[in-house]
Amino acid sequence: MESDQREHISTVINYFWGEGTTSPESVNQGMAAIAYEALEEAQSCSAAMDFVPRPISGRSGGKYVIKQVAKIGKRIASGDTQIYETCRQRVAVNFRNKMELAKQGL
């Protein structure tokens, strides 16, 4: 693995599991594979979140429904690929043990 690849993989790992989880020098192939799985899961979760209407304070009427569906369509059409914080947190929890094992080379 090249040093710039290790640096970028380290950035992904630290994004999910907190700053200082790893350094570029300690990244191994197992850790890279888990980071890849985590990214896939987070992107899948975030894509699903685009279909969730945003909360309303009060009763939801016809105008609210139309507005929310239109906003969902806009997010889908724009190809927004951001990862929702909720998804990042869930993925970090789900993959924590796998990452710890990969850090140990297992």
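**The disulfide and its surroundings**

A: The link of Cys45 and Cys87 is left-handed, with -70° about the S-S bond. Because Cys45 belongs to helix α2 (residues 29–49) and Cys87 to helix α4 (residues 85–103), the pair ties together parts that are 42 residues apart in sequence. The S to S distance in this predicted model is 2.0 Å, and the count of disulfides comes to one. The two partners can be set side by side: Cys87 is buried, at a relative accessible area of 0%, whereas Cys45 is partly exposed, at 26%.

Turning to the rings, Arg88 lies over the face of Tyr15, at 5.7 Å from the ring centre. Tyr15 is partly exposed, with a relative accessible area of 37%, and forms an edge-to-face aromatic pair with Phe16, at 5.1 Å centre to centre and 75° between the planes. Phe16 in turn forms a tilted pair with Trp17, at 5.4 Å centre to centre and 45° between the planes, and both Phe16 and Trp17 are buried.

Leaving aside neighbours within four places in sequence, Ile13 is in contact with residues including Val27, Met31, Ala35 and Met99.

Technical notes: Residues numbered from 1 in each chain as written. Predicted model: local features only at pLDDT ≥ 70, side-chain atom pairs only at ≥ 80, totals over all residues. Heavy atoms only, no water. Disulfide = S-S within 2.5 Å. Helix = DSSP H or I, 4+ residues; strand = E, 2+ residues; numbered from the N terminus. Buried < 20%, exposed > 50% of the residue type's maximum accessible area, 1.4 Å probe, protein only. Contact = heavy atoms within 4.5 Å. Phe/Tyr/Trp six-rings, centres within 6.5 Å; stacked < 30°, edge-to-face > 60°. Lys NZ or Arg CZ within 6 Å of the ring centre and 35° of its normal.
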